[in-house]
Amino acid sequence: MIAKGERLFSPFRLDIANALLLRDDQKIVLRSKTFDVLHYLVDRPGQLISKRELLDAVWAGVSVTDTMPAICIAELRAALGDKVGQPKFIETVHRRGYRFIAPVTASTNEISGSKSQPRSRTLFVGREAEISRLRTQVRRLQQGVGGMVLIGGTAGIGKTRLVTELAVEAGQNGVLTLLGNCYDREDPVPFVPFVEILEAAVERTPGRSAFRALLGPHAPEISRLLPQVRRLFSDIPAPMELPPAQSQRMLLAAVGNVLRQAASEKPLLILLEDLQWADEGTLALVLHLVRNNRKIPMMMVATYRDDSVNSTDSLAHALEELVRLDSVEQMSLLGLPQSAVVHMIQSFGGSDPSGNLVRLLYKTTDGNPFFVTELLRHLTEHGKLGELDHKAGVEITPDDLDLPQSVRLVIGRRVNRVSDETRSILATAAVIGRPFSLALLLRAATHVDTEILIDRIEEAEKAGLLSSELLRDETQFRFTHELIRRVVLDNLSVVRRQRIHLAVATALESLHADTADDYASELAYHLWKADACADVAKTVHYLQTVARRAVQSGALKEAEVYFKQAIATSRRNPAGAELEFDLQYALLHVLSITHGSGSDQSAQTVRRLQHLSKRIGNSEQLMRALWSAWNSKSARGDLAIAEQMVERLMEIAQRTGSRSGLSMAHMLRGISCHYDRGDLTRAKQHYESAIASYSVSDFAGDIWDPHVRALAQMALVLWHVGSADQAKVKARESIRLAERLKSPLGGALYLVAVLYTHLREPDKVQEIAERLLSLASEQQSVFMDDASVCRGWAMAQQGKANEGIALIRSGLDSYVTLGFRLDAFTLRLLSEAQACAHRLEEALDTIQAAVTATGATQITLPSLFWWRGELHLKRGNVSLADHDFRKAISTARRIGSKMYELRATTSLARLLRDTNRRDEARAMLTKICNRFTEGFDTADLKDAKALLEELGA
């Protein structure tokens, strides 16, 4: 049972009253504002919550930066074990905000206050407001007040389910409920729903005599509808022969009186289904009953398809009269919210669906319960629901879903009511898209005269297939439902559909001849769908254009899809190897951020680049393939192979005199061959050479920019060699250059954050991590994990150790998933955070794993030995600490890391002081401090200076 004030979203429980997040009764510590953000999102499942709304709600009246929501979201993801790319709980909507996508259950009395429902009706979701309004009407009915509720909506929207739920509840509360249906027939049976209602009344009446008493003097008129009553009761005479108008009045009065008599014994609820098919007599009887049932306990609830109402038909006139009456309430059903769709998917799949699957089904069905249910049943029966859940995303669109026959039949009947000519026009419109302009349709449907085309559109509008509105002085049409468009599309052969796509693309270019690139997205889509019918070069051009724009706007997942489509198209041209190379290279840039350089997708793309470069034989492309391969191998920890690629790249660049090749080769050699191995002097020389060889035009549009990377790497070198002030200058230069070049900032920001961890400035690390977090959240990039690690370290240093550890572990887990090697630096940060939480044994195990992970990478060793010594000292093992500090000093001297030599010397001097060797401590610390000429405001030099003063230097 759920306690009041709690929210369940499996496997978590949110205790509002006590501000606790629990998993299996284990408390998960959250900062107060982070808890408030979670509470706000959980109470609004399925709703898109903007950054501004969160700021106003959680930080009302407090001045904070715009990055605070992103920080809290990152902390929540770490606490919930959520992933940006495959969210189960919190979905990031690019540049718009966040959405809580997991199903949420609150305590019963907080949801509706109703009795719990039987398990057989658990799929009735998302109609809380509507059922509440109906319950209010039933309560009035029980108090003796009659009335009517009209429920409109499209086919399958849930009208029947809603009134069924109402009928069950009303029956449980002592209300007599009678149901009558109207039917879709060309020759409707007069009064058929009331025939069914009276027949049901016969069955509900206890005994023949009770039913005869109910009919009373109105039995002859009732026999017009129920001829069998004259066979049951011999005393009922034949109805009088009267003129039709008078006869109808008599019949209406008789039915009204019988129902009024039934209502006098028990409140009466009459349900009328599908009023759009009602005959005129039924509508007249409805009007009669509503006008006369206000003061008796009789209520009618009638459903109808509002998209089937024609302004000239009988139902329209009847509705017009009904809504004028005070006792009639109207209700229009729309699609279910996304949160309800989540519950429906769970009932079929048994697990939490991905946000992408929820969005896909919601977009396809508009939340129509019938369509959702039928699609889910179809997917489940064919074993495709789980498969689709993993694949759903920008690659899968509603056009790719296979529609079940039940949905095709329902919609197909509506489509087939219009003429063949109208269906032909609808085919072109369906290919254009759900919304379309008349101008584009006229250009694409060149075989149809304008006036005839307008007639066909009007016919489709009257049939409820299309709707229209005036937007910016232009009328825009749209299919009233996405599935109508799908059914129309599915009736087209593949070849016909491709030809229409080509006709639409041609029409778009014709309409916008001077600004075609402004419509690149639409043109790319239609040319891609036209497949072999379209020109390869033109298709690739537009796909490449929209892919590059997506990169510039940070929509990297979309860019990935467009580049892959462009690559597939380019392969139709046997001579297009160079074009495919450029596309694969651009795709790899995107993959390195969205999936990681060490991912299988990136590695596969690298192999293709190497194959293409050999086939083409162009040195520039061969060099690009080599530095792409270096990035992949380096991320996976294959350092020896990465070095071989750098040497080959340098050889080709020097032999050909390639400026771009030299710039990249020097930068990569500086990292792999020298910095990682601890040769700081030569690393710095190569970074300087990379910058000297660099020309901005050589790397225009590239995600990898050697100048930006070289500056950031040089900042790290300068810190190691004792030039902390210069290091900060280079760090700022790298960020400013990336901003000026509009190059992705993620790499530069991460390296600068690393620099400030070395500088032991957690506030600055937090500031940079927040910026990186906000950027990575928008782009859904792997830098989210880097930001998480740096942010976690900063939080631990600021006294929030457990939260920090959770963030670092989240980043580490993601690194492994993405194919990255676990580097020693990140493990050291985790160890430091564990020590802040007084988990010394864990911290020591982690730093030992970091030492093991170094391999040929020497640059991290001084910091690892120093920190291991600190941990030994915290545990009281002075001899091991002394050994590690001295090992750190000798290693730092060997590679030239003056800063880690200073840090380890300070730690050793402190140990010597505490073991009565003050003179030795003072001598060694004085010697190292005298070698510094800058960076006197850094934490390390301040510590050393303070210790020297204490030692009496």
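At what angle do helix α34 and helix α35 pack, and how far apart are their axes? Before the reply, a word on provenance: this is a predicted model, in which local features need pLDDT of at least 70 and side-chain atom pairs count only at pLDDT 80 or more, while totals for chains, interfaces and linings use all residues. Residues are numbered from 1 along each chain as its sequence is written, and side-chain values use heavy atoms, with hydrogens and water left out.

Helix α34 (residues 724-741) packs against helix α35 (residues 746-758) at about 165 degrees, and their axes lie 9 Å apart. Helices here are DSSP runs of H or I with at least four residues, and strands are runs of E with at least two, numbered from the N terminus. Axes are lines fitted to C-alpha atoms, for helices over the stretch in contact, and angles run from 0 to 180 degrees between N-to-C directions. The two helices are therefore roughly antiparallel, a term for angles over 145 degrees.

From α34, A727, K728, A731, S734 and I735 meet A748, L749, V752, L755 and Y756 of α35, contact meaning heavy atoms within 4.5 Å.

I turn now to the sheet. Its five strands form an open sheet in the order β10-β11-β12-β9-β13, with parallel pairing; two strands pair if DSSP finds at least two bridges between them. At the edges are β10 (176-181) and β13 (328-332), each pairing on one side only. The twist from one strand to the next averages 15 degrees. Strand β11 (residues 268-273) pairs with β10 in the parallel sense over six bridges, and L272 in β11 is the bridge partner of G180.

Technical notes: Angles under 35 degrees count as roughly parallel, over 145 as roughly antiparallel, 65 to 115 as roughly perpendicular and the rest as oblique.
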